[in-house]
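Below is a short report on one protein model and its ligand site. Please read it alongside the structure.

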Amino acid sequence: MTMPTIKAVRAFTVRGGGADYHDQGSGHWIDDHIGTPMGKYPEYRQSRQSFGINVLGTLVVEIEADDGTVGFAVTTAGEIGAFIVEKHLARFLIGRKVTEIEKIWDQMYFATQYYGRKGVVLNTISGVDLALWDLLAKVRKEPVHALLGGPVRDELQFYATGARPDLAKQMGFIGGKLPLHHVPAEGEEGLAKNIELLATMRERTGDDFWLMYDCWMSLDVNYATRLAHKAHEYGLKWIEECLSPDDYWGYAELKKNVPKGMLVTTGEHEATRWGFRMLLEMDCCDIIQPDVGWCGGVTELIKISALADAHSKLVVPHGSSVYSYHFVITRQNSPFAEFLMMHPVPDQVVPMFTPLLLDEPVPVNGRMKASALDRPGFGVRLNPDVPLHRPYAMS
Ligand SMILES: C[C@H](O)[C@H](O)CC(=O)C(=O)O
Ligand SMILES: [Mg+2]
């Protein structure tokens, strides 16, 4: 089979939801006094948008082959990402065969290493990589999961992240991950409120439902240890992303400090095999949570996942909708998946990247059949009603 070559690369930005899922309107649970590293400043405590959690917006990368096939992907990188794609990365794609994914990744990573390595540059590389997988799979008329070795199970099982684990239980999810609301700067009163909310949810959900706390980098080792011990009484399954992603030493200490049976999870703001190597070799956690739209894309997640498997660790990717689902369904060490509840309340299931994508599958009764992922590529389309902006069109 002669493979087509890449003839065009386009990068667009989008505001309001989409891959930048923190870019929501007012009154959304995801922006309601959630603990963050900026919570030490009272003026940035009530709303994450107040310190700029949504400044980036969504980046859409489109890659067109000379046979007319178009692959695309979305991630969180906005206008900065669009600049990097059009002014820098496009040169490593134009004229290349659609199969050259590994080489293109290597060139994108090492060409940006002097200003990249993590953060928005890796988000952007991830977006390009996912668009390449979408393109290759569409050229081959197969779903991405088939290119990754095929499903290892018939369906995905999900836990839900959101403000209402009690409602998530009624919707059929296996667990509910709450955002932690109060940070160490809010003292003993804040700690008590954090425990009270967990106790309320435990009472509403009963004992056989997983409850987790997402701490979004807002704690220190001492507070996280105290929270973990108090939360143990209410059966907290795991405590997530308590510390700065750079504090590998703190995570290693925390993992030793938590009560026996409680899991420590982290990694959604970590990137590349080298970053995850630190988490794994320093025994920082029980589950790693790479975001496939941020950690380097599918090409890098394959390596991160193999490394984790060799350390007997689970990989439960952060959010990222279809980009996660196509991966998780193919890996034994990814036994379940996250579903981020993007409904503002959240009392119903809506697609995670709503309103940006069409055909985005959602869990039904907390589950998704492998057959829901059987369309070519990642199986989604851009919603033509969502306006795209192309700030750095290549001349
Ligand atoms: C709820 C968390 O603060 C964050 O918005 C999402 C996240 O970290 C997760 O889904 O995990
Ligand atoms: Mg998280």
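Which residues come nearest to ligand 1? Of the 15 residues around it, these are H22, K177, D214, E268 and E338. Near means that a heavy atom of the residue lies within 4 Å of the molecule.

This is a predicted model: local features need pLDDT of at least 70, side-chain atom pairs count only at pLDDT 80 or more, and totals for chains, interfaces and linings use all residues. Residues are numbered from 1 along each chain as its sequence is written, chains are lettered from A and ligands numbered from 1 in the order in which they are written, and side-chain values use heavy atoms, with hydrogens and water left out.

**Ligand site**

| Side chain | Distance to an oxygen atom of ligand 1 |
|---|---|
| K177 | 2.7 Å |
| E240 | 2.8 Å |
| H318 | 3.3 Å |

K177 also has a protein partner: a polar contact of 3.3 Å joins its side chain to that of E338.

**Annotated binding site**

An unreviewed UniProt entry places "binding site" at H22, R48 and E338. UniProt positions follow the numbering used here, feature names are shortened, and annotations may be inferred rather than shown by experiment.

E338 is found in strand β11 (residues 337–340). Helices (H or I, at least four residues) and strands (E, at least two) are DSSP runs, numbered from the N terminus. E338 is buried, with a relative accessible area of 4%. Buried means under 20%, exposed over 50%, partly exposed in between (1.4 Å probe, protein chains only). Leaving out residues up to four places away in sequence, E338 touches K177 and H318, among others. Contact means heavy atoms within 4.5 Å.

R48 is found in the loop between β1 (6–14) and β2 (58–65). R48 is buried, also at a relative accessible area of 4%. With the sequence neighbours up to four places away left out, its contacts include H22, D31 and W216.

**Helix α6**

Helix α6 covers residues 187–205. Its 19 residues should span 27 Å at 1.5 Å a residue, and the end C-alpha atoms are 28 Å apart, which agrees. The expected span is 1.5 Å times one less than the number of residues. Among its buried residues are L191, I195 and L198. Their cover includes β5 (175–179) and β6 (210–214). G206 follows α6, with a positive phi near 80°.

How values were computed:
Polar contact = N/O pair within 3.5 Å; in protein donor to acceptor, adjacent residues only side chain to side chain.
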